[in-house]
Each structure stands twice: as structure tokens, then as C-alpha cells.
Amino acid sequence: MSFLRRRSGSPAGPDFDVLAMDPGDWPGHFGAMTMNAQDGSCQGIFLRYDLFGGRGPAMFIGNLPDGSPAREPEDGVPFEIRQLLAALENEEQVDFVSAEDFPVMLGDDLLIVKKVKVSEERVFCSQFGRSDGVLVTIASWDRPIADDLYQLLKPLPAEMFQQG
């Protein structure tokens with residue numbers, strides 16, 4: 001499966017805040033897509049950050065609410081990693097290797113981040129749960145995820161995910 005695209009209708013937008021880096025701060029191309037259930041409810045928002053004029057995706061950030069089918073992949077490889085590799089046209093088999101929790105300080109707050117390791121060593125992935133039940137997953141290509149990246153994440157305006 002390649003980059004997700006909405007095929008019909010106009011999205012109503014997520015019923016939760018979407019955490020991401022401000023697209024205006026990114027030097028390349030930015031794309032966003034929604035995953036919707038049969039009833040039209042939002043099952044996830046995915047943000048794709050491409051480097052410098054489309055030389056390839058560098059990062060996917062997923063925001064998945066409770067109940068989203070993409071939250072619990074059978075093989076343990078996060079959906080965002082699969083999407084990143086598909087966008088890179090990397091068709092090699094990728095397997096889950098391990099996951100480990102790490103504490104990250106955000107000002108006076110403590111964030112517990114799960115770092116996911118897969119068999120493709122150029123992929124870096126981290127996940128954390130928000131107080132509203134949304135799971136945020138960051139998958140990056142050939143760039144380790146530094147703790148200061150979490151400082152850059154902020155809610156994007158809901159209007160960004162609406163058409164019309």
C-alpha cells in the first residue's frame with residue numbers, strides 16, 4: 001500500500017488535536033492524510049515530511065486515537081514505518097526487533113517514549129501515548145530521533161484537515 005489518499009467525500013477533520021511539527025518550519029514538502037472508518041469517523045491522521053523538493057520522505061508522524069485498527073499491527077511493525085518504506089519504494093522484508101521505554105524531559109514534564117527497533121537499521125521510530133488516548137508515532141529515515149524533536153511537536157489547526 002502506498003501513501004494513503006482519501007478517495008471520496010470531504011473529511012470533516014479529526015475529533016482530536018493532531019500533534020506534528022509546523023509545516024512552515026519544514027524545508028521540504030509536507031503532506032497530510034486521514035484514515036476514516038466506514039462510519040466516517042477519523043481513525044488516524046498521518047503527516048509526511050519530504051526533504052528539500054521531494055528527494056524522498058524523511059519522516060512520518062501518525063496520530064491514532066483509541067480503537068484505530070492501525071494501532072496494533074499483528075507483526076509489531078508500526079503502520080508509520082510501513083508507510084515510510086512504501087513511499088521510499090523499499091520492498092525489503094522488515095521485522096520487529098525490540099521496543100524499549102525511555103524517559104524524556106519536556107520542561108518540567110516527564111514523557112515516556114517507546115523506541116521501536118526494526119530489522120531495517122536506517123529506520124528510527126518512537127511512540128508515546130497522550131492523555132487523550134491518542135498514540136503518536138514518529139518514523140524517520142536515516143535520521144535518529146533526538147529528544148529535542150518532541151519539543152517541536154504542537155497541535156496543528158483542525159482546518160488543515162478539512163476540505164471545502
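Asp 66 is exposed, at 59% relative accessible area. Exposed means over 50%, buried means under 20%, and partly exposed lies in between (1.4 Å probe, protein chains only). The model is predicted: local features need pLDDT of at least 70, side-chain atom pairs count only at pLDDT 80 or more, and totals for chains, interfaces and linings use all residues. Residues are numbered from 1 along each chain as its sequence is written, and side-chain values use heavy atoms, with hydrogens and water left out.

Asp 66 forms a salt bridge with Arg 71. The closest N and O atoms of this pair are 3.1 Å apart. A salt bridge is a side-chain nitrogen of Lys or Arg within 4 Å of a carboxyl oxygen of Asp or Glu. By this rule the count is six salt bridges. Another of them joins Asp 75 to Arg 82, with closest N and O atoms 2.2 Å apart. Asp 75 is partly exposed, at 41% relative accessibility. Arg 82 is also partly exposed, with a relative accessible area of 29%. A further salt bridge links Arg 122 and Glu 120, at 2.9 Å between the closest N and O atoms. Here Arg 122 is partly exposed at 37%, whereas Glu 120 is buried at 10%.

The overall fold comes next. The protein chain has two helices and nine strands. Helices (H or I, at least four residues) and strands (E, at least two) are DSSP runs, numbered from the N terminus. The elements run β-β-β-β-α-β-β-β-β-α-β from the N terminus on. The protein chain has 164 residues, and 46% of them count as buried. The chain exposes about 9,200 Å², of which carbon and sulfur atoms supply 46%. Accessible areas come from the Shrake-Rupley method with a 1.4 Å probe; for residues, only the protein chains shown count as cover. Contact means heavy atoms within 4.5 Å. Among contacts between residues at least 6 apart in sequence, 53% join residues at least 24 apart.

Helix 1 is mostly covered. Seven of its nine residues are buried. These are Phe 79, Glu 80, Ile 81, Gln 83, Leu 84, Leu 85 and Ala 87. The cover over them includes strand 2 (30–36), strand 3, strand 4, strand 6, strand 7 and strand 8. Glu 89 follows helix 1. This residue lies in the loop between helix 1 (79–87) and strand 5 (96–106). Glu 89 is exposed, with a relative accessible area of 67%.

Asp 142 also has a positive phi, about 60 degrees, although it is not a glycine. Asp 142 sits in the loop between strand 8 (135–141) and helix 2 (149–152). At 48% relative accessibility, Asp 142 is partly exposed. Leu 51 is a loop residue too, placed between strand 3 (42–50) and strand 4 (57–64). Leu 51, however, is buried, at 16% relative accessibility. Leu 51 and Phe 30 are 21 residues apart in sequence, and their C-alpha atoms are 8.8 Å apart in space.

A cavity is a set of points where a 1.4 Å probe fits but cannot get out. A pocket is an open set with protein on both sides within 12 Å along at least five of seven lines. Lining residues have an atom within 4 Å of a point. Grid points are joined across faces, edges and corners, and a volume is the space filled by probe spheres set on the points.

The largest pocket holds about 290 Å³ of space. Its lining has 17 residues, and Lys 115, Val 116, Lys 117, Phe 124 and Cys 125 lie nearest its centre. Strand 5, strand 6 (109–118) and strand 7 (123–129) each supply at least two lining residues. By class, ten are nonpolar, two polar and five charged. Ala, Val, Leu, Ile, Met, Phe, Trp, Tyr, Cys and Pro count as nonpolar, Asp, Glu, Lys and Arg as charged, and the others, Gly among them, as polar.

One cavity of 30 Å³ or more was counted. The largest cavity has a volume of about 30 Å³. Its lining includes Arg 71, Phe 79 and Glu 80. Helix 1 and strand 8 are the elements that give two or more residues to this lining. The lining of the largest cavity divides into six nonpolar, two polar and two charged residues.
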